[in-house]
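Subject: Structure handover

Hello,

Here is the structure you will be working with. My notes on salt bridges and backbone angles follow below it.

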Amino acid sequence: YLQLEGQVEDCHCQVETVDKVNNLKIFPLLQTLVQYNYFKFYPVNLIKPCPFWHDDNRCVLRHCSVNECKETELPAGLRGKPRLLNKRSSNDIDNDVDCKKYAAENDVLGKIDSTLTDQDKRAFVGWKQHDDSGDNFCDIDDENASDVKYVNLLLNPERFTGYGGKSAHRIWKTIYNENCFTPAKSYKDIAISGFTQGLCLEKRAFFRLISGMHASVNIHLSAKYLLPATFMRGKSSFRWGPNVHEFQNRFSSENTNGEGPLKLKNLYFAYLVLLRAVTKAAPYWEKMDFYTGNTTEDESVKRIILDIVSIAKSNCNGSFDETELFAGEPEKALALKKEFRDHFRNISKIMDCVGCNKCRLWGKIQVRGIGTALKILFSVKNEALNNADKFHLKRPEIISLINTLARYYLSNFKFIDCRHRLQCNQLSIGYSNGCK
């Protein structure tokens, strides 16, 4: 049993308060919200080259590959000119032993399902994208580029794919080098309790955001882990479910020298930052149409978002106060903000170095979700949120923000042993199995 309690560091809120408000009120609304067409289709470039090193660790096994949409499947109203996606180049040679090890026999492991139904295509008719001239914290894909494709997120859930080894460790090490503002030999060597001491509030916030995102990724990999295959009629079938031992290895105090619970606390911090951004943007949501062409659905989306804002204002208002950051002498504060933004932009570019396409997809979504929250909090004055000429969010930014917030289901962690089988009763994302 993993019990978290007390103050969420650098926030004006208790763990117990966040648990109660999110789990009982906000999380169910978010899970309904991401089922709607507006939030389930995401444009992404999954073959953008890595800008930092030669990408020789791409997992190009069919288990980690992407099912490309046929030209006739792409909705003309959304894409403008439907194009076939580029095929993999001959340079995409797999050298990742770990990927081969875990993706041995089934073509669903790590695969992106890009199928668009006729109903999906009809839902896209008339959708339009608008450019945004705001102060971005992320490196933005060109949505009109031929390499950008649309993915149905409901068909491609975040879960264990087998991607790991040196390639994955290099990704996290590079992220934490940006995150820490100082070089680190290994992200695993960073002790949160000691590292955050002596850092200014802005750099502590940066660290907690990335650490919280990392915790979320590991939680989902543990909650939807590739379990031993089941056999029916002579055929094997892969299945995903909670892996308690994997979770304990990553987060229990005993297995992490006390660092695991601190990582989970940082997940709470990241959640409160994103929730504050959604709340601050209330004037913007009130004027948005969330247009998909389905009036009933569009109105439902808007109503749910405004309900989330109302709940947050009533229960968690002021939990994270962005005005406390970059509040010093103007010239120094501006320079620190620029450094903060540039480091985060680099992290968004690192996502193009992830060797597994499904990991790359969700990495891009979550980094862009946090980047959108930072944009709302630190690049926009309150009065600008009422002025469409001064502030605008692209549809992919809104999709990323809400889907990332929906990743951060918060709960204490309880495990039960049923009939000698250890099952997860509640594993951070509301994954409930119970005793069977």
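Lys375 and Glu397 form a salt bridge, with 3.1 Å between the closest N and O atoms; the term stands for a side-chain nitrogen of Lys or Arg within 4 Å of a carboxyl oxygen of Asp or Glu. Lys375 is in helix H14 (residues 357-378) and Glu397 in helix H15, so the pair ties together parts that are 22 residues apart in sequence. Helices (H or I, at least four residues) and strands (E, at least two) are DSSP runs, numbered from the N terminus. Lys375 counts as buried at 1% relative accessibility, and Glu397 counts as buried at 3%. Buried means under 20% relative accessible area, exposed over 50%, and partly exposed in between (1.4 Å probe, protein chains only).

Please note that this is a predicted model: local features need pLDDT of at least 70 and side-chain atom pairs count only at pLDDT 80 or more, while totals for chains, interfaces and linings use all residues. Residues are numbered from 1 along each chain as its sequence is written, and side-chain values use heavy atoms, with hydrogens and water left out.

The search of the whole structure finds ten salt bridges. One of them joins the side chains of Glu158 and Arg407, at 3.3 Å from N to O. Glu158 sits in the loop between strand S2 (148-152) and helix H6 (165-180), and Arg407 in helix H15 (residues 395-407), so this pair ties together parts that are 249 residues apart in sequence. Glu158 and Arg407 are both buried.

Asp342 and Lys338 also form a salt bridge, and their closest N and O atoms are 2.8 Å apart. Both residues belong to helix H13 (residues 330-350) and are four residues apart, about one turn of the helix. Asp342 is partly exposed, with a relative accessible area of 27%, and Lys338 is partly exposed at 45%.

There is also a network of salt bridges, which links Asp10, Arg204 and Arg208.

Now the backbone. Most residues other than glycine have a negative phi. Phe290, although not a glycine, has a positive phi of about 50°. Phe290 is found in the loop between helix H11 (282-287) and helix H12 (295-315), and counts as buried at 1% relative accessibility.

Phe326 likewise has a positive phi of about 50° without being a glycine. The loop between H12 and H13 holds Phe326, which is buried with a relative accessible area of 15%.

Regards
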